[in-house]
Each structure stands twice: as structure tokens, then as C-alpha cells.
Amino acid sequence: MLKKIGVLTSGGDAPGMNAAIRAVVRTAIFNDLEVYGVYNGFEGLMEGNIKPMVLGSVGDIIQRGGTILYSARSDEFKTDAGQEKAIKQMRKIGLEGLIVIGGDGSFRGAEKLTQKGFPCIGVPGTIDNDIAGTDYTIGFDTALNTIVNAVDKIRDTATSHERTYVIEVMGRGAGDLALWAGLANGAETVIIPEQHETFESVVAKLKRGQERGKKHSIIILAEGVDSGVTYGKRIEEETKMDTRVTVLGHIQRGGSPSGYDRVLASRLGAKAVDLLMDGIGGRMVGVENNIVVDRDINEVLSTKHTINMNMYKLANQLSI
Ligand code: ADP
Ligand code: F6P
């Protein structure tokens, strides 16, 4: 019978990570397990920065962005010696399983620990929505709404001044945030890494709009394609349109999680504990067609996340 588990957050933080921590801690305690919080991700795991958590440790956090357990990136943990060190710290306390809330990098770490005999479960927490095996990652919906609100504001001033705006959004190598925001904001153009639209075709589209009397344009650019500043400069040179650039940056990572992210985090956090209690490790929990599922972490890591091409086509169709 499983008695003690740990939980950590790792990699870039995401709104909803706290709701996931809360679900892990409360589900564990509900099932008479002891649960420990690991501070500063894998860095803290190697240092033994691990403390017991009680029901009150996760009170009043469901609505808070960021992560109360802090997050870190660690190169040492990528080595065998770093992983052994982490396992030693966990064994010292008597932990028998670990829940890792993070992105694909963090899952590689979780997989290594599982291979070394320490069962881990991954919970997808990243604004990028770039993980295979789940329709959504925790934080994506909140970040999307942050972008949507910001672009609405930019559109007001773009209209008043008859300007073209290039808005750079996050997502690392994935275009989901840009694509969803493009549709939700009615952007004239969405540029994402998965579908290579040439600079020439973007310019041609802008010029066609100009000829039809269009006075302003919103271009949503995924950071994985190019820097907004470079792209905006080229657009201005080529079209002679008055162009401005906004890089939304880390505001996309913060803020109170949306209702959807809180619910998703609660469901996935609880499922992660259930799996450990069933003696299962090396899995990632996710959601597919609104059903909570679990997938082999190795399989998840070796499968490329894809965007929904129908949505991309629709974004183009609606912005002719
Ligand atoms: P994310 O989890 O958001 O993708 P990172 O890619 O920065 O973020 O990964 C977070 C941490 O996971 C890294 O700092 C490192 O400690 C650990 N990690 C990443 N890749 C590996 C790997 N191949 N083996 C072991 N640990 C890894
Ligand atoms: O993975 C989340 C993310 O916010 C990406 O969208 C972005 O490319 C990256 O992290 C930024 O990382 P940092 O916080 O190290 O600047």
C-alpha cells in the first residue's frame, strides 16, 4: 500500500499549476496518503528541499497564478548523477511516487526517474499546448484569454490610427496560442510554425485589403516563426503601411487561471494520484474529448503535437 508521495512543478510556470497542486494534495489526503511538496522543481529535489503538505497548505490557492512550489530549470538533473541524487533524497523521506507538473522537458525528467525505479506521473502544465496525448494543457486557456483581451485593446487603437499591428505571442515551437487567438480576435493574418506562409503571401494579402479600403490590420505572429520586431520592420518596408509591433511576453504566463484551467487542473491532479495508488508510473494524464485519459510518457514524448489544420483553414477563410 502506497503511503507517501511528492509533487513538484517544473519548467515554465502556467496558470492553473496551483489548482493542480491543490488537487494532488487534497486527493492524497482524502485517500490517507502523506504528501510532500518539492520546492524549486528538480533543483529542489536534488537538494532535498521537500516539505510535508497538509490540507491548509493548499487553501486559498485555486485562484492564484504562478506556482506556490516555485519552478526552476536544472542542467544537473539531466545527468545520471543528478537523477540518482534526487532519488536518494526521496528515499530518505520514504517517498514512493512523484507527480511532476510541467512541460515536455519536465516529462523527460519524470521518465528518467521512472526508468531508474522511481514511479512518476506527468501532469501537463504549460501555456504552449504543445504536448501530444492531451487536447489541452493546463494554462493554455488562461493565456489564450490574456492574449484575446490584449489584442482587443490593440485593435481599438489600430482602428483609430489606421495602423497595421504585428503582435508576437508565445508558444515556443507551437502555433496553438497564435492560431486560437487569431480566430478569437478576428485577426487578418495568423503566422504559425506548423504552416509556413511566405512573407510574400502575407504582404499580398495586406495589399489586397488596402486596395479594398481596409484601414487597419492585425497580424498574430507565433514566436516560433520570427521575432515580431524583425517581422514588423519588414512589413512596414514592403507595404509602406504605418506599422507597430507588440510583444506580449510574460504577461501571457501570469494571472488568475480561467474556470476551464481550474477544472482541468483539478481533474488531472486527482487522476495522477489515483494512478500512483494503483501502482502505476511512467504515465502522463491528459484530456481527450473531455474524458480524462493517461498515456505512456515515452509515447507522448516521441509523438509530435499537431495543430488542427481545419482551424487554420477556417482562420484564413474568415479573414479574407
Ligand atoms: P518544460 O517542462 O516546460 O518543457 P524545460 O524544457 O525547461 O521545461 O524542462 C524543465 C526541466 O526538466 C529541465 O530544467 C531539466 O531539469 C529537466 N529535463 C529536461 N530535459 C531532460 C532530460 N532529457 N533528462 C532529464 N531531465 C530533463
Ligand atoms: O513554455 C512556456 C514559455 O512561456 C514559452 O511560451 C516561451 O517560449 C518560454 O516559456 C519562455 O521562457 P522563459 O520564461 O525562460 O523566458
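Val 229, Val 245 and Val 247 make a nonpolar surface patch of about 210 Å². A patch here consists of residues with over 30% relative accessible area and no salt bridge, where nonpolar side chains (Val, Leu, Ile, Met, Phe, Trp, Tyr) are joined within 5 Å and like charges within 9 Å. Accessible areas come from the Shrake-Rupley method with a 1.4 Å probe, and for residues only the protein chains shown count as cover.

Before I continue, the conventions: this is a predicted model, in which local features need pLDDT of at least 70 and side-chain atom pairs count only at pLDDT 80 or more, while totals for chains, interfaces and linings use all residues. Residues are numbered from 1 along each chain as its sequence is written, chains are lettered from A and ligands numbered from 1 in the order in which they are written, and side-chain values use heavy atoms, with hydrogens and water left out.

Helices (H or I, at least four residues) and strands (E, at least two) are DSSP runs, numbered from the N terminus. Val 245 is partly exposed, because its relative accessible area is 32%; the class lies between buried, under 20%, and exposed, over 50%, with a 1.4 Å probe and protein chains only.

There is also a negative patch, formed by Glu 200, Glu 236, Glu 237 and Glu 238. Asp and Glu count as negative and Lys and Arg as positive, without His and the chain ends; a charge is placed at NZ of Lys, CZ of Arg, CG of Asp or CD of Glu. Which helix gives the largest share of the negative patch? Helix α8, residues 228-239, supplies three residues. Glu 238 lies in helix α8 and is partly exposed, at 43% relative accessible area.

I turn to charge pairs. Side chains of opposite charge can pair when their charged atoms come close. The criterion is a side-chain nitrogen of Lys or Arg within 4 Å of a carboxyl oxygen of Asp or Glu. Over the whole structure, nine salt bridges are found. One of them joins Asp 13 to Arg 253, with the closest N and O atoms 2.7 Å apart. This pair links distant parts of the chain, 240 residues apart: Asp 13 is in the loop between β1 and α1, and Arg 253 in the loop between β9 and α9. Asp 13 is partly exposed at 21% relative accessibility, and Arg 253 is partly exposed with a relative accessible area of 21%.

Glu 76 and Lys 85 form another salt bridge, at 2.9 Å from N to O. Lys 78 and Asp 75 meet at 3.7 Å, N to O, and both residues are exposed.

Next, the strands. β10 (residues 283-288) runs parallel to β5 (residues 120-124), with two bridges between them; strands pair if DSSP finds at least two bridges. Gly 122 stands opposite Met 284 in β10. With β11 (residues 291-296), β10 pairs in the antiparallel sense over six bridges, and Gly 286 has Val 293 in β11 as its bridge partner.

Finally, the backbone. Most residues other than glycine have a negative phi. In the two-residue turn of the β10-β11 hairpin, Asn 289 has a positive phi of about 50 degrees. Asn 289 is exposed, because its relative accessible area is 69%. Asp 32, in the loop between α1 and β2, has a positive phi near 65 degrees and is exposed at 72%.
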